[in-house]
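Here is a friendly walk through one chain, written for someone who likes to check geometry against coordinates. Open the structure in your viewer and follow along.

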Amino acid sequence: MDAFHLNSSSTVAKLQQVMEYQYSPATLFITLLAAIVVTVIFLVRRPKLYQSSHKLPPGNLGLPLIGETFQFLAALRSDKPRRFFEERVSKFGDIFMTSLTGHPTIVVCGAKGNRLLLSNENKLVVVSWPKSFLKLMGQDSILAKTGEDHRILRAALDSLVAPAAIQGYISKISSEIEEHINEKWKGKDEVTVLPLVREVVFSLATTLFFDIKEEHEKRELYELLETIMVGSLSIPLNLPGTQFNRAVKARAKLDKILVSLVEKKRSDLKTREGASEKKDFITALLRLRDERGKGLTEKEIVDNLAGLIHASYDTTISPLVLMFKLLSSNPQCYEKMAQEQMEIFSNKKEGDDMTLQDVRNMKYTWQVVQETLRMFPPSFGTFRKAVTDIDYDGYTIPKGCKLLWAAYTTHHREDCFNEPEKFNPLRFNKPVAAYTFVPFGGGVRKCPGWEFSKTEILLFMHHFVKAFKGYKTIDPDEKISADPVPPLPINGCSIKLFPR
């Protein structure tokens, strides 16, 4: 199997370098100098938001330009990322004002706040990521598209990751995962989960959706994507020596690679070799046409490929690795999951492929995944912009204002989930209240790849249970951190394996 491998020590070293880089004296000096300059500008020309005659939500904007970005990122990197929201909710209530990555932002919390932003896309709000984030993730990607442009592109992508399409991938996903476990897990006394899971998930994403098979190409892509992700939520100073500057350079390199892939695929499609209906994202984007027969520009294709590469593995790696950590502290849950998986295995004949129905029969395993996503959502939330004045909770959200909803404002609240600090998969035996469980967002902008991610995770656990009767974590107290996303065990979650 073509794949690359990152050992746990290199992963930890990289994280340490990132932390040192983020808070180096040179970076802090540049940030402070920029803050002084912006403060002077701020005092001369106060933003429109402060001149509003409306009753605005309470809050603290922090320093000019920087705002409360450092506090926000520090919370994400801690073992309690929700504390940024909880501290402000306790002080200001379920709607408050802050400033993140250079933008004054109103945060709406709780199920009511989630409903406001997730159910009113293109009515009261539209998606609105910070410009610095889109510069790295793609200004012409589905992340930034709104209205009809978003609908057309979303429909095309949904067709590739809908349940009917996933059935065509299951055999390949299952066989590659099984091969990976046989080669990299079996026969080992101990393994580090994160680099191994990252290896197989990224390999599947690049092979299935982007038709990339060469090991060195996958390695280069991964390193560029990691640099971009680290810089995406950093202070947006495009100056030498900053994370944002490094990320901008990495994005330029990524664009060159993606343009080359698009040109090669376009050439292949003109030959008999490319005449088949092969389902990969590049082909789908090249063939996409709107009602007038107009296709996507090269920049739109490249930006969407960049965004899809990120989305195709982040939402899978985090819950899969964290399941190992959480189940190790709840062995009775692992046993119940193992019983379910072995029953499915016992009903298969030798040589039978896994099917979509097999995946649907993994009901308790899916509850374990849901509970993991509740405790550690892979993304903190997303940004919106008000397209009209919104009266909400006694305040007015002015037109043009940046907004944020966050999964952390419901997933750990007593009024949403009983005993939220307890790992209890059976809480998902029955439907949960609307807009309380939102690990993949909701509404028309719900993560298009969540069904595919679900399938990968369930198939991985199926093959793991077939191979191992159990495991034990080496460090039960290992901390979890997001840098900046998604949340992961800081040392990669090393485990001792007990084969069947």
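At what angle do helix 9 and helix 18 pack, and how far apart are their axes? In this predicted model, helix 9 (residues 163-184) and helix 18 (residues 450-467) pack at about 35 degrees, and their axes lie 9 Å apart. The crossing of helix 9 over helix 18 is right-handed. On the helix 9 side, the residues that meet helix 18 include Ile-166, Tyr-169, Ile-170, Ile-173, Ile-177 and Ile-181. Among the residues they face in helix 18 are Phe-452, Leu-459, Phe-460 and Phe-464. An α-helix has 3.6 residues a turn, so residues three or four places apart point the same way.

**The chain as a whole**

The chain holds 18 helices and 12 strands. Of its 500 residues, 55% are buried. Take the contacts between residues at least 6 apart in sequence: 75% of these join residues at least 24 apart. Asp-158 belongs to helix 8 (residues 147-161) and, with a relative accessibility of 27%, counts as partly exposed.

**An open sheet and its helix**

Five strands make an open sheet with mixed pairing, in the order 1-2-8-5-3. Strand 1 (95-100) and strand 3 (125-127) are the edges; each has a single partner strand, so one side of each lacks a neighbour in the sheet. From one strand to the next, the twist averages 40 degrees. Strand 3 runs antiparallel to strand 5 (residues 381-386), and 3 bridges join the two. Val-126 has Lys-385 in strand 5 as its bridge partner. Helix 6 (residues 110-118) packs on this sheet, where it touches strand 2 (103-108), strand 3, strand 5 and strand 8 (402-406). The direction of helix 6 makes about 125 degrees with that of strand 8.

| Helix | Residues | Length | Span, first to last C-alpha | Expected span |
|---|---|---|---|---|
| Helix 10 | 193-210 | 18 residues | 25 Å | 26 Å |
| Helix 11 | 215-232 | 18 residues | 26 Å | 26 Å |

How many of the 18 residues of helix 10 are buried? The count is 18 of the 18, so helix 10 is largely enclosed by the rest of the structure. Just after helix 10, Asp-211 adopts a positive phi of about 60 degrees. In helix 11, the buried residues include Leu-221, Tyr-222, Leu-224, Leu-225, Ile-228 and Met-229, and also the charged Lys-218 and Glu-226.

**A buried glutamate**

Is Glu-371 buried or exposed? Glu-371, in helix 17 (residues 363-375), is buried, with a relative accessible area of 0%. Its side chain makes a polar contact of 3.1 Å with the side chain of Arg-427. Setting aside neighbours within four places in sequence, Glu-371 also touches Lys-422, Phe-423, Asn-424, Pro-425 and Phe-428, besides Arg-427 itself.

Definitions and conventions: Residues are numbered from 1 along each chain as its sequence is written. This is a predicted model: local features need pLDDT of at least 70, side-chain atom pairs count only at pLDDT 80 or more; totals for chains, interfaces and linings use all residues. Side-chain values use heavy atoms; hydrogens and water are left out. Two strands pair if DSSP finds at least two bridges between them. Helices (H or I, at least four residues) and strands (E, at least two) are DSSP runs, numbered from the N terminus. Axes are lines fitted to C-alpha atoms, for helices over the stretch in contact, and angles run from 0 to 180 degrees between N-to-C directions. Contact means heavy atoms within 4.5 Å. Buried means under 20% relative accessible area, exposed over 50%, partly exposed in between (1.4 Å probe, protein chains only). A polar contact is a pair of N or O atoms within 3.5 Å; within protein, one must be able to donate a hydrogen and the other to accept it, and residues adjacent in sequence count only if both atoms are side-chain atoms. The expected span of a helix is 1.5 Å times one less than its number of residues. A crossing is left-handed if the near helix is turned anticlockwise from the far one by less than a right angle, and right-handed if clockwise.
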